[in-house]
Amino acid sequence: KLTYLMRKGDTVEREFLVGEQLFQGERLRLVGPIKLAGLDKAIEIYEHVVQHAPYGAYGPKARLRLGECFLRERRYEEAQRAFQRVVDDYPTSPLVEEAKFRVAFCARQLSLRPSYDQSATDEAIEWYESFIGTHPESDLTPQAKESLRQLQEIKAEGLAKIARFYEKQRKFPSAAFYYREILKLYPESSLAAQAVAQLKEMEERGVLEK
């Protein structure tokens, strides 16, 4: 265990700084010939800091770093939980803003997995909307807005696919309903113009009431 490799009397600060060096990719010689490297060891140190000094000066920093370590390993669920703990446990910390953004990012990455349903995309959209609403002046807000736009495009495309399916089945009122949902929910999406065109075409063909 890494905790046994630390010198007796090491402070939380020293532990955290060792974790930082490992996080940055450095190889360390801590005790005799033993060398340490890799995110797994950094994670072990950050977890030790959080466990033994959760509300000290390095508690929120270590918790945030845990999330970033998990992100690097694409362990998005664990990363999201770590970032959420920063928000929940340290509400007055200046790290909360970044943690909220990271929670939204993790939700976005999870929503892109084939095994996740549309509710995961909805959750990611809600997180980004919340972040933008509570941190409008943040340097991270432009990135949040772009990610939100991409997620809304995904949702709009899903509605468009359903609408096109009903058109092929000649169930035009149902198709029109989904095209109108695009205009109602995602009017800024690239699918909005297509929805308007399809609705107009169905009306001109007389298969849809004006």
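**Close-up views of a predicted model**

**View A. The largest nonpolar core.** In this predicted model, the largest nonpolar core comprises 31 residues, and Tyr46, Leu66, Cys69 and Phe83 have the most contacts inside it. At least two residues of this core come from each of α1, α2 (39-52), α3 (59-72), α4 (76-89) and α5. Helix α2 gives the most, with seven residues.

**View B. The surroundings of Tyr46.** Apart from neighbours within four places in sequence, Tyr46 is in contact with Phe16, Gly19, Glu20, Phe23, Ala62, Arg65, Leu66 and Cys69.

**View D. Val18 in helix α1.** Val18 belongs to helix α1, which spans residues 12-23. Val18 counts as buried because its relative accessibility is 2%, under the 20% cut-off.

**View E. Helix α6 and its buried face.** Helix α6 (residues 118-134) contains 17 residues and reaches 25 Å from its first C-alpha to its last, close to the expected 24 Å. Its buried residues are Ala120, Thr121, Ala124, Ile125, Tyr128, Phe131 and Ile132. Seen down the axis of α6, these buried residues fall within an arc of 140 degrees, so they line one face of the helix. On the other side of α6, Glu126 and Gly133 are exposed. The buried residues of α6 pack against two helices, α5 (96-111) and α7 (141-168).

Key: Residues numbered from 1 in each chain as written. Predicted model: local features only at pLDDT ≥ 70, side-chain atom pairs only at ≥ 80, totals over all residues. Heavy atoms only, no water. Helix = DSSP H or I, 4+ residues; strand = E, 2+ residues; numbered from the N terminus. Expected span 1.5 Å × (residues − 1). Buried < 20%, exposed > 50% of the residue type's maximum accessible area, 1.4 Å probe, protein only. Arc of directions from axis to C-beta. Contact = heavy atoms within 4.5 Å. Core = buried A, V, L, I, M, F, W, Y, C linked by side-chain atoms within 4.5 Å.
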